[in-house]
Amino acid sequence: MTTAREVAQRIVSGRGLPEETAGRGRAPANIALVKYWGKRDEELNLPVTGSLSISLGPLGSEVEVSPAEGPHDAIWLNSAPQPLTGVFARRASAYLDLFRPAPGYWYEVKARNTVPTAAGFASSASGFAAMARALDDLYGWGLSIRELSVLARLGSGSAARSLQDGFVEWHAGSAPDGMDSYGERLPAEWPELRMGAVVLCAAEKPVGSREGMKRSVETCEFYREWPGRVAADLAALKDAIARKDMAALGTVTEGNALAMHALMAATRPPIVYALPETVAAMRTVWAARQEGLPLWFTMDAGPNVKLLFEAKDEARVRGLFPGVQVVAPFG
Ligand code: DP6
């Protein structure tokens with residue numbers, strides 16, 4: 001089995017300029033329209049299927065990395081020092097382990113999220129993508145987007161899609177070392193597209209994505225149906241994007257999210273992220289659509305709902321969901 005450090009070192013060794021005093025990187029958050037749920041390799045975050053997301057423009061993460069005195073890493077998030085035993089610092093330090101020139105070499109990381117923390121948009125994907133960029137800047141590796149995507153994936157799978165703006169497809173790949181599993185931008189623009197975050201519950205989710213998808217692969221009796229479903233959804237979504245067909249994009253996106261949540265519910269023990277408020281929001285969308293409003297939703301591993309619509313319908317969407325935070329992914 002190839003380890004994550006071996007993959008990282010294969011990409012960066014023999015490259016680089018003299019180390020700078022600090023490296024900086026930024027990356028957008030992304031929301032999957034066709035979801036990633038299940039790995040074929042947990043060490044390297046290699047997915048069972050491809051997936052396709054939309055990046056959230058200015059919403060994401062900024063990271064600054066510099067060498068530190070030690071005797072441990074110093075990790076900051078939004079100007080607050082992070083306890084070394086906390087989830088954030090542990091994940092960041094484990095990621096830095098892939099790159100340390102020698103054991104006992106320490107870093108200072110200053111991470112800042114430009115995603116409002118309460119907006120229900122995940123920031124781990126943009127965080128690892130920004131970290132990969134900051135390390136590239138620190139060491140002057142001059143890596144390609146594809147190489148940066150592979151490195152970001154070693155931190156979190158969905159981070160493979162956070163190196164670029166717009167629509168990004170993460171190719172599942174088939175190589176055991178994952179060198180062909182990376183994000184690639186689709187040559188499409190859709191300036192009128194809008195995404196709206198509806199925050200229904202900001203509490204910590206009961207089961208994280210990492211644990212949840214592992215459980216689904218191991219115990220969900222329908223999981224074997226999932227790769228075929230994703231392949232069909234990816235083809236239909238790419239076609240919808242090429243034609244700028246909002247109804248087709250919305251139909252595929254909403255259906256794919258509901259199929260993923262059905263897998264979760266059929267996992268043992270079951271994983272149900274929806275709250276009564278989530279179901280109410282779905283019904284609001286369906287009722288509005290029945291009345292002619294072109295509005296669809298998607299959901300990730302949590303109870304919050306993300307809406308998809310076009311700019312011309314923003315006022316009506318705001319009328320239905322007064323607290324919605326609207327993002328224009330194409331600026
Ligand atoms: C439901 O990328 O957070 O948001 O690879 O274990 O870090 P790890 O998982 P992660 O999973 C994201 C799952 C999802 C769907 C998606 O973003 O495609």
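This is a predicted model: local features need pLDDT of at least 70, side-chain atom pairs count only at pLDDT 80 or more; totals for chains, interfaces and linings use all residues.

Tutor: Residues are numbered from 1 along each chain as its sequence is written, and side-chain values use heavy atoms, with hydrogens and water left out.

Student: Why is Gly 16 called partly exposed?
Tutor: Buried means under 20% relative accessible area and exposed means over 50%, with partly exposed in between (1.4 Å probe, protein chains only). Gly 16 comes out at 42% relative accessibility, so it counts as partly exposed. You'll find Gly 16 in the loop between α1 (4-12) and β1 (23-34); helices here are DSSP runs of H or I with at least four residues, strands are runs of E with at least two, and both are numbered from the N terminus.

Student: What is Gly 16 in contact with, leaving aside its neighbours within four places in sequence?
Tutor: Tyr 139, Gly 140 and Trp 141, where contact means heavy atoms within 4.5 Å. Gly 16 and Asp 137 are 121 residues apart in sequence, yet 9.4 Å separates their C-alpha atoms.

Student: And why does Asn 78 count as partly exposed?
Tutor: Its relative accessibility is 33%, so Asn 78 gets that label too. Asn 78 sits in the loop between β5 and β6 (80-81), and its C-alpha is 9.2 Å from that of Thr 114, 36 residues away along the chain.

Student: What makes the buried residues of α1 line one face?
Tutor: The buried ones are Ala 4, Val 7, Ala 8, Ile 11 and Val 12. Seen down the axis of α1, they fall within an arc of 120°, so they line one face of the helix; the arc is that of the directions from the helix axis to the C-beta atoms. In general, an α-helix has 3.6 residues a turn, so residues three or four places apart point the same way. Part of what covers the buried residues of α1 is α4.

Student: How do you know how α1 runs relative to α4?
Tutor: Their axes come within 10 Å and cross at roughly 160°. That makes α1 roughly antiparallel to α4, as angles under 35 degrees count as roughly parallel, over 145 as roughly antiparallel, 65 to 115 as roughly perpendicular and the rest as oblique. The axes are lines fitted to C-alpha atoms, for helices over the stretch in contact, with angles from 0 to 180 degrees between N-to-C directions.

Student: Which residues meet there?
Tutor: From α1, Ala 4, Val 7, Ala 8, Ile 11 and Val 12; from α4, Glu 147, Val 150, Leu 151 and Leu 154.

Student: How do you know that the buried residues of α2 share a side?
Tutor: In α2 (residues 87-96), Ala 89, Ala 92, Ser 93, Tyr 95 and Leu 96 are buried. They cover an arc of only 155° around the axis, which puts them on the same side of α2. The face turned away from that buried side carries the exposed residues Val 87 and Arg 90.

Student: What do the buried residues of α2 pack against?
Tutor: Against β5 (74-77), β7 (106-113), α3 (124-139) and α4 (145-155). The axes of α2 and α3 come within 12 Å and cross at roughly 35°.
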